[in-house]
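Please read the points with the coordinates open.

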Amino acid sequence: MQIEPAKTARATRRDFLRTTALGAGALGLGAQTGSAAEPSPATFAHPSKIRLGLVTYNLAKDWDVPTIIKNCADARFEGVELRTTHAHGVEVALSKPQRLEVARRFKESNVALMGLGSAFDFHSPDPAKLRKDIEATKEYIILAHDVGAPGVKVRPNALPREVAREKTLEQIGRSLRELGEFGEAHGVQIRLEVHGDQTSLLPNIKTIMDTADHRNVGVCWNSNQTDLAGEGFDRNFDRVKDKIFTVHMRDLYLDEYPFRKMLGRLNEIGFGGFCLAEIPESQDPVRVMRYFRGLFLAYQNLL
């Protein structure tokens, strides 16, 4: 609001100081004093690029595709990751026409099918099982291509005690490289969920990523408590910040996890992918999703 000429100098000074106090936090002016300040949080002047979406595990596990699209649109969620084995039935058994129908439904909506969520892992010391999971993942990649999903989530799940840690991490990384090459040929990313006993530790994930060493292979940050282990959140985030393709988030009200810091760091690196709510079932799911979105925006000072 402009100051009228008739106002006193005292009022003008007061308004000036009030505006200055708001500074970068409310107006995005980026004012600094002394040494370099930490990056300002996203504001209306510097809006976040992050997109909000939903993992169908567990809130939407019983919804079909039309219900998923409707509920996400009603809650203003921009995308969805469809988890395998759930009621929507987007699985490798679909015929070609059925796959095209799934793609059409999402294409004609304002909800993006941003990925498929598999349960494949690559830590088994059994070569036959390992090869089976790799080949099954390739089928799932083809499914993703056919339904218009640009990525597939996979995971590590454990470090077998009978095998040296380094050997298993290398095996997972090499498997991901093979899948990254296959996925790239089909226009589908491979997204490794930070998951599993010991494999959710970020130094181990970093080793896997270094071994995979492929531009089409990245990380699905999973908002685990182990993100705070060892040298702490910031150091762990920095280990993989250049490889974060997607993010899974639990309930944002959980005080034990630094969700505001995480969103701040994502904005700091210019992350423009999806953060996906992976939250429990509810009798009033759209209302829960709307509250989730409100807190997601508030944590970034976007309300």
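1. C275 is buried, at 0% relative accessibility. Keep in mind that this is a predicted model. The residue sits in strand β8, which spans residues 274–277. C275 and A277 point one way from that strand, while F274 and L276 point the other way. Residues on both sides are buried.

2. What is the disulfide count? The structure holds zero disulfides. C220 is in none, and the nearest cysteine sulfur, that of C275, is 9.6 Å away. Seen from C275, the closest cysteine sulfur is in C220, and 9.6 Å is too far for a bond. A disulfide has to be a covalent bond between the sulfur atoms of two cysteines.

3. Now the strand partners of β8. Strand β1 (residues 51–55) pairs with β8 in the parallel sense, over four bridges. Within that pairing, R51 stands opposite F274. Strand β7 (residues 244–249) also runs parallel to β8, and three bridges join the two. The bridge partner of V247 in β8 is C275.

4. Which elements make up the β-α-β unit with β8? They are β7, helix α8 (residues 259–268) and β8 itself. The unit is right-handed.

5. On the overall makeup, the chain comes to nine helices and eight strands. Of its 303 residues, 48% count as buried. Take the contacts with a separation of 6 or more: residues 24 or more positions apart account for 79% of them.

6. The largest nonpolar core has 74 residues. Which members touch the most others? They are L54, L116, L176, W221, M249, M262 and L266. Helix α4 (residues 127–147) gives the most to this core, with seven residues. As background, nonpolar side chains tend to be buried together in soluble globular proteins.

7. L176 deserves a look of its own. Leaving out residues up to four places away in sequence, L176 touches F122, V154, I190, L192, I208, M209, A212 and V217. One of these, I190, is taken up next.

8. I190 lies in strand β5 (residues 189–193). Is I190 buried or exposed? It is buried, with a relative accessible area of 0%. Beyond its neighbours within four places in sequence, I190 is in contact with I141, V152, V154, L176, L179, G180, N216, V217, G218 and F245. G115 is 75 residues from I190 along the chain, and their C-alpha atoms are separated by 9.8 Å.

9. Turning to charge pairs, how many salt bridges does the structure hold? The total is 28. Some of them are joined up: D234, D238, K241, K261, R265 and E268 are linked in a network of salt bridges.

10. K70 forms a salt bridge with D74, and their closest N and O atoms are 2.8 Å apart. Both residues lie in helix α2 (residues 65–75). They are four residues apart, about one turn of the helix. K70 is exposed, with a relative accessible area of 51%. D74 counts as partly exposed, at 33% relative accessibility.

11. R165 forms a salt bridge with E166, with 3.0 Å between the closest N and O atoms. R165 counts as partly exposed at 39% relative accessibility. E166 counts as partly exposed at 49%.

12. K61 forms a salt bridge with D62. The closest N and O atoms are 3.3 Å apart. How accessible are the two partners? K61 is partly exposed, with a relative accessible area of 25%, whereas D62 is exposed, with 52%.

Methods:
Residues are numbered from 1 along each chain as its sequence is written. This is a predicted model: local features need pLDDT of at least 70, side-chain atom pairs count only at pLDDT 80 or more; totals for chains, interfaces and linings use all residues. Side-chain values use heavy atoms; hydrogens and water are left out. A salt bridge is a side-chain nitrogen of Lys or Arg within 4 Å of a carboxyl oxygen of Asp or Glu. Buried means under 20% relative accessible area, exposed over 50%, partly exposed in between (1.4 Å probe, protein chains only). Two strands pair if DSSP finds at least two bridges between them. A crossover is right-handed if, with the strands pointing away from the viewer, the path from the first strand over the helix to the second runs clockwise. A disulfide is a pair of cysteine sulfur atoms within 2.5 Å. Contact means heavy atoms within 4.5 Å. A nonpolar core is a set of buried Ala, Val, Leu, Ile, Met, Phe, Trp, Tyr and Cys residues joined through side-chain atoms within 4.5 Å.
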